[in-house]
Amino acid sequence: MGRYVLRRLLYLIPTIFLISAVSFLIIQLPPGSYLDTVIAEMAAEGRVDETRIAVLEQRYGLDEPLHVQYLTWIGGMLHGDFGESFLWNAPVSELIGSRLLLSVAISLCALLVTWMLAFPIGIYSAVRRYSFGDYAFTMVGFVGLAVPEFLLGLGLAYVAFTWFGQDVGGLFSPEFQDSAWNLGKVLDLLSNVWMPIVVVGAAGTAALIRTLRSTLLDELAKPYVDTARAKGLTERRLLLKYPVRMALGPFLSTVGWVLPALVSGEVVVSIVFNLPTTGPLLLQALKAQDMYLAGSFIMILSLLTVLGTLLSDLLLAWSDPRIRYGNR
Amino acid sequence: MRKADRVATMTPPVPSASAGPPGDGQASQRRLIWRRFRRHRVAMVSLCVLAVAYLVAILSPFVAPSSAGAYDADYAYAPPQRVHVLDDGRLGLYVYGYRSDTDPVSLARTFTVDESRKIPLGFFVRGEPYSLFGFESDVHLFGPQRVGDPFYLTGANSQGQDVFSRTLHAARISMSVGLVGVFLSFVLGVLIGGVSGFFAGRVDTVIQRLIEFIIAVPAIPLWMGLSAALPPGWSTLQIYFGITIILSLIGWTGLARVVRGQFLSLREEEFTVAARLDGVGRLRIIVRHLLPSCAGYIIAALTLAIPGMILGETTLSFLGLGMQPPAVSWGVLLQEGQNLRALSSAPWLLFPGLAVVLVVLAFNFLGDGLRDAADPYER
Amino acid sequence: MTESRRSGGATRRDFLRLSGAFVAVSAGAGCGFFSTEPAAPQGAAGAAKGLEAPALAARVQAGELPPVAERLPKTPMVVTPASTMGVYGGTWRTALTGPGDGFWLLKTVGYEPLLRWDPVGNTVVPNVAESFEVSADGRTVTLRLRSGMRWSDGEPFTADDLAFSYDDVLQDPELGGGAPAWLRAGGKSDGEPARLDVVDPHTVRLVFAEPSGQVLLYLANTEETYDLMRPAHYLRQFHHRLGGDLTALVAQAQASDPVDLFYRKASSGIGDVVHWQNTDLPRLTAWMPSAPFGQGNEFVVERNPYYWKTDPEGSQLPYLDAIRYAVVQDNQAVLQMALNGELDLHQRHINDATNKPVVVDNEARGGYRVYSTVDTICNSATLFFNQGHTDPTLRSVFRSKDFRVGLSLAMDRAEISKVVYAGQADPWQAAPLRDSGYYHERLATQFTEFDLAQAEAHLDRAGLAGRDAQGRRLGPDGQPVTFVLSYPLGIQDAFAAIAELVRGQWANVGITVEVKGLERSFFNSQVGAKGHDAYIFVGQGGGPEAIVNPISYVPFAPPPSSSAGYAPTWAEWYASGGAEGEEPPEPTKRQFALLDEIRGTVDAGRQKELMTQLLDIAADEFYVIGTVLVRPGAFWGVVSEKMHNLRDAEQTVLASSFFPSPGITCPEQLYLTT
């Protein structure tokens, strides 16, 4: 096990460098640069101030060759400096940091809701296969999977706005924006934040139910279940002892990807509900060709995915003795 | 256990198909799967729905009452019309015309049903000319009997274009994005996954690292980054393929893992060993023996990958990174409907969303049915 | 926190005390944690009016600030409120869509030039400068500053600031780009730069070798005059020549070099996000940032205690305590805020015809009303053909006036108005507005009729008589004439619809175009590189600013200034004094001469005559095709029922880059009631 972990850690090093190169490449692909965004902004207003553009060009070092820009960036990253955002004129780490808490909070809430719903339903669906409940949950789950996130979000927002007269968007209603923290403000926050959580959770729940159900069904059909049943184990013990544990495999193999998902801030939902998470920040950076912000962001997310994969594999190894012993 | 197999077990456990290659004297694997699949009623219905949907998409110029670009400013934001079946007690399809009014301050249009104006509908009516498979025609499956009468089954958009017709036309791009994307994923996934699984050893390790790497770049930012990177100078068709490739770039890795897992277990099966001892070439073994054995799985996995691509297309459009008008896709159409203006006064602009949900739902059910059918443990 | 809030709180406490000892003490003033009522917001409006805001009076009492009389200049600028005297207090709530949205900051807080437009955009009146005077020969412009006027940090604002800004920044070879054309002899970019003489601490004189005709108009422009009003006392320490050894400061600010350091402190202009991040930077505006932009989801500017304007009763302005900009993701979020009634005054992001119905519908619910603005554009969507195209065939086709006239006649403008602008637009070429003072009937109305027969005749005459089997017209090279009609995404939804309509209308006369929406930055870099065929953009210069920025009538400014994309090579020729680009034909050269003359002429009447001649040639040449001009009301803003003194009752609000609205309407005299 130890050697296996070590080997996986060693693999990380070249992967990270490859990722940094790809991240940089992605943000360099579109023609033009951030300056064109500035010019476009000015042109939309009807006046282009060329003095300012010259100042900016010099300040951002955009006239330097590509590999120099890459080396500067990756060099800074080794010191924990993710570069500076042109758009915000602020360090990337500060920008992402200031939005991280909310992103993590929303994703985490959604995740907990997802798990709390999906596990019991998934197990129920598999055990009571083809029952009315199974059909109902399957149906709901499939519809949840089929509705695009933004449509679900817009629909909820619209219903809340027109039928319940609720102010949609943001975290607080305007009257509580400046209020000191009290119960009202907490309730107000909850009344605003449930919608994004539902939307984020919907597709995830449906998908997880499906996965659990199908893998559990595979397990239940295996001979060892019959053996166990023949030995007189109670249904509950029988179910929880092995099949459920085995059925967690696919779940565990992707659970590590929760890590980047927590940070990426659910772009679509955040835009629909106007939440100041990290997602829209990335979208804005990509569109404005704010290269260090976009690049570092993609880089961080990729890193977390790699770490998440590692975490998953370790969890999997821990839960499945076959893997553990295979690696002795 | 050998090194390669160790890595194999790291992937999600996939039930191995123990069925042999198509043999003589008994039902082939394909027929077994088909027999099981037919029992899955929802999946069968979904298959029919999808067949109809693709047929409509292909024949959209004929099926849709009007062309994708046709507009009539008099009917901007006209609400859906109700189709009446009985005309004075006799069978006869018709809708009523509109009376419209513009508010001088808010510039909002209000429509009321004009019961004095009956617009008779019919099947195989003459309308706008179009060309389909090189044939020129002006016969439409259904529509108003008099050319130019307003006919908005599901309402009109800001330019007075027929949302229903546009939804049908858009199916061409949106539904083929899924197919083309999945085809690309399939080629990549089967090729690379197959090679990885069959040769195992060092080749397998390298490919596994590659797949891990691609998975490591998170999907949505990768989509966003790549679509933002599509050269704006590209034509609509190029952008279309660009987006498809981006969508499939993510899809193939999952498929490759499935295929590899299958191959790794099948490689040790007796029929493979037998074929090898017979002196059959490796490629032939893959194509002739291994692929058919896990075809069921692959097809199921493919079917389940299509909805992701259709949804991906709409999401990219939502983020402003997908196709742009004048291209007509479901994502592009939904762009018109994804604002409060539309939601509050013209919710019918979200009609293409229904089409998306229907098709995605059908694909999911179909894929689910196929997976169940391909599962050898299913008794 | 205002006086009223405190007294209000006291009353409530008294009430609680009276109502008995049974009441749980934790309820406090209704602000306890278990209260579900919103706690009182900051700066509630409705304070009794004195000579200064109550909060400032309190700071004076505490000894933190000098008395108001010492903070104001000897002769403050007196602003007459649009309708009634205001009261102090309140926060103006509005929105920004991110750091790239600096223009809204400029338009709300930033409009504080040396001179200013009167609120209706007719004449230039004093602002920062107390008075101005142009000598009879037009060579000398004297500006008198306000004695005793102070920067927001309390330091005096004097002629020294202007001298520093002009001599040590703008004309510094490393820091600035040199004097702009309007500060040079004859108003020409190659003219000798004007001399800035400091007569006394409150008087400066701009001395030109040759008169610069438009200097007063430019002095009424925020961005241009900001380059003349940098705070010398603060910025000297960061100046590479005057600041001594900057090594430590450069390192501390993480700047790459002294020039970078200077701009990190000084900002490159009001639209630059740095300007709103450096809270140490002294300002002259009515409000100033209390925390750097970028921290959190909102950006707040608060009252400048040294603001130098009063109302007629001598009360220091501004009335409003602060402006709060919610920083949101996109325009949809702004629209949502408007519907929720969360915007007190806003005329950006969402203010087009598309959104108007839903916003008007929600007036009662949101507690706001919609007012009309007049954008001083010369055309809502102008079609520009690249007459400097590198492809010889397209270049020769685009240069044919008959080609452009034919296409103009082939367009059904009534249909465009109906489909795109709900009928609220009229056929119009790219021409100055009727009330602009430069209205030119022929330029505005020629070739706007829809006449397919005439259109065909003109196109035939343009040498495109030949047709292929599909009816497409053949160019001089024997190939069908096709080109790309592009438009920038995210500026106006109307562009896409117009492009589609025009494509269909032109197909009727045998001209095929491919329509393509391009991401804004790519659009601009393509136009900048002269790589475009034809594009749609707003026509600039429709109001009184036409004489300053006649870009739609004479191609004087080369790209990236996107409106000159119809003749980029001629513009380069003019801008480089004939060194680069391509020599234009005679009529255009004559226009350039007229433009030079206008810029060197001080007399307004003579300027107007010359402008008419310039527009005559523009009408003859017909460089660009206009589509339609929206009627007043197609663009609008929302104002809360609680916000008062917005000058729109008798006069619609002008809006453009020259008339940064609502800045031009004096936001300092706006006030809120509860």
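**View 1. Buried residues of helix α15 in chain C.** In α15(C), the buried residues are C:F403, C:R404, C:V405, C:G406, C:L407, C:S408 and C:L409. This is a predicted model, and the helix, which spans residues 401-409, is mostly covered, with 7 of its 9 residues buried.

View 2. Staying in chain C, look at the loop between α17 (441-445) and α18, where C:F447 is found. C:F447 isn't a glycine, yet its phi is positive, at about 55°. Is C:F447 buried or exposed? Count 22 other C-beta atoms within 10 Å and you have a buried residue, because the cut-off for buried is 20 or more.

**View 3. Two cis peptide bonds in chain C.** One cis bond joins C:L317 and C:P318, with omega at about 0°. Here C:P318 lies in the loop between β11 (309-310) and β12 (322-327). Another cis bond runs from C:S661 to C:P662, and its omega is near 10°. For C:P662 the setting is the loop between β24 (653-655) and β25 (671-672).

View 4. Chain C has a mean pLDDT of 85, and 91% of its residues reach 70 or more. Over residues 1-32 of chain C, though, the pLDDT is below 50, even if the model gives this stretch 28 contacts beyond near neighbours in sequence. Residues 40-47 of chain C also have pLDDT below 50, with 34 contacts beyond near neighbours in sequence. For the model as a whole, the scores are ipTM 0.78 and pTM 0.81.

**View 5. Helices α5 and α14 of chain B, packed together.** Now over to chain B, where α5 (residues 163-199) packs on α14 (residues 351-374) at an angle of about 40°, the axes being 9 Å apart. That angle makes α5(B) oblique to α14(B), and the crossing is right-handed. On the α5(B) side, the contact is made by B:V163, B:T167, B:A170, B:A171 and B:M175. From α14(B) come B:F351, B:P352, B:A355 and B:V359. By type, the residues of this contact are 8 nonpolar and 1 polar, with no charged ones.

View 6. B:P347 is found between α13 (340-345) and α14 of chain B. How many C-beta neighbours does B:P347 have inside 10 Å? There are 15, so B:P347 counts as partly exposed. Across chain B, residues 24 or more positions apart make up 72% of the contacts with a separation of 6 or more.

**View 7. A:N89, between two strands of chain A.** A:N89 sits in the loop between β1 (84-85) and β2 (90-91). A:N89 is not a glycine, but its phi is positive, about 50°. With 21 other C-beta atoms within 10 Å, A:N89 is buried. For context, chain A has 17 helices and 2 strands, and 50% of its 328 residues count as buried.

Notes
Residues numbered from 1 in each chain as written. Chains lettered and ligands numbered in written order. Predicted model: local features only at pLDDT ≥ 70, side-chain atom pairs only at ≥ 80, totals over all residues. Contact = placed C-beta atoms within 7 Å. pLDDT = per-residue confidence, 0-100. Axes fitted to C-alpha atoms, helices over the stretch in contact; angles between N-to-C directions. Helix = DSSP H or I, 4+ residues; strand = E, 2+ residues; numbered from the N terminus. Parallel < 35°, antiparallel > 145°, perpendicular 65-115°, else oblique. Left-handed = near helix turned anticlockwise from the far one by under 90°. Nonpolar A, V, L, I, M, F, W, Y, C, P; charged D, E, K, R; others polar. Buried ≥ 20, exposed ≤ 12 C-beta atoms within 10 Å, placed from the backbone.
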